[in-house]
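Could you show me around this structure, stop by stop? I have it open in my viewer and would like to know what to select next.

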Amino acid sequence: MGRFITRRLLLTVPVLVGASFLIFAMVYALPGDPIRALAGDRPLAPAVVAQLRAQYNLDDPFLVQYVKYVGGLLQGDFGSDFAGRPVLDTISQRLPVTVRLTIVAIVFEALIGIAAGVLSGLRRNSFFDNLVLVSTTLLVSVPVFVLGFVAQYLLGYKLDLFPIAGINAGWYSYLLPGLVLAALSMAYVARLTRTAVSEAMAADYIRTARAKGVGYRRIVFRHALRNSMIPVVTFIGADVGSLLGGAIVTESVFNIPGLGRAIFDAVQNQEGAVVVGIVTLMVFFYIFFNLVVDVLYALLDPRIRYE
């Protein structure tokens, strides 16, 4: 196991380098002049434009810009935006907000998704099972931004149950956007759990346990549910990294100052250093949580071992 983890960690280095290169190339390929976009309607003197372009290496070829950026990374410098704010400051300020939102979303996704999937899998073709299938299909079909606006209007404005935007109410502010962010994943978790539990309950080892007189609750929680959790844990573990980097729409709808919102603003302003720094961090999170999932495999199923 130790060798497996070490090997996986070493593989993250070329992955992160390749990801940063691709992201930097995509930002470089965006049309327009970021300095002109920064100035807006205000005219800038040619000397000021030339100074800014030299300061941010915008006149250099793509490969030269990328090599200079990587050189800064190796010294712990993630660069700065066009306002002179270091990217590390932006990450340190925005990351806790996105982490809180992700934690709330994962809790909703795991608790509601697994509970609905287990009950649905144990009661196939019942009213509850059909209700879960219909509701999850609806959640998958509705775009996140539509679901966000509907949740804001009904639960925030009409019923006044949750704050509509911002994070001024502390953790309570994250409940509604966290539920919206988790909606799609919650539907997939419920369906995965339903399928896995129903297949496990029809397996030979479950019939053997029943024949031995093992209690129903022990069969469900000790045997069926534990073996059913492998695909669910796989999805949730991979989804943690996706939620950390994919909250752009949700954070924009609910006006949450997280990493997703920072990426959106940086892409609009063509601030390559900000985009590359944040997205590369998201790639690292994605790789790390996939490694955690692989380790959890061996804990959930003793038959799985890494040599």
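Here is a short tour of the inside of this model, which is a predicted one.

**Stop 1: the largest nonpolar core.** Start by selecting Phe24, Leu101, Leu181, Met201, Phe254, Ile278 and Met282. In the largest nonpolar core, which has 54 residues, these touch the most other members. Now colour the helices that build this core: H1 (2-28), H4 (62-74), H5 (87-122), H8 (175-201), H9 (204-211), H10 (216-245), H12 (259-268) and H13 (272-300) each give at least two residues to it. Which helix supplies the largest share of this core? Select H10, the source of 11 of its residues. As general background, nonpolar side chains in soluble globular proteins tend to be buried together.

**Stop 2: another core.** Next, select Ile35, Val49, Tyr56 and Phe82. They are among the six residues of another core, which lies apart from the largest one.

**Stop 3: the cavity.** How many cavities of 30 Å³ or more does a search of the whole structure find? The search finds one, and the space in this largest cavity is about 40 Å³. To see what surrounds it, select Arg8, Leu9, Thr12, Phe284, Ile287, Phe288 and Leu291, which form the lining. Helices H1 and H13 each contribute at least two of the lining residues, and H13 gives the largest share, with four.

Notes. Residues numbered from 1 in each chain as written. Predicted model: local features only at pLDDT ≥ 70, side-chain atom pairs only at ≥ 80, totals over all residues. Heavy atoms only, no water. Core = buried A, V, L, I, M, F, W, Y, C linked by side-chain atoms within 4.5 Å. Buried < 20%, exposed > 50% of the residue type's maximum accessible area, 1.4 Å probe, protein only. 1 Å grid on protein atoms, 1.4 Å probe; cavity = no way out; pocket = protein on both sides within 12 Å on 5 of 7 lines; lining within 4 Å. Points joined across faces, edges and corners; volume = space filled by probe spheres on them.
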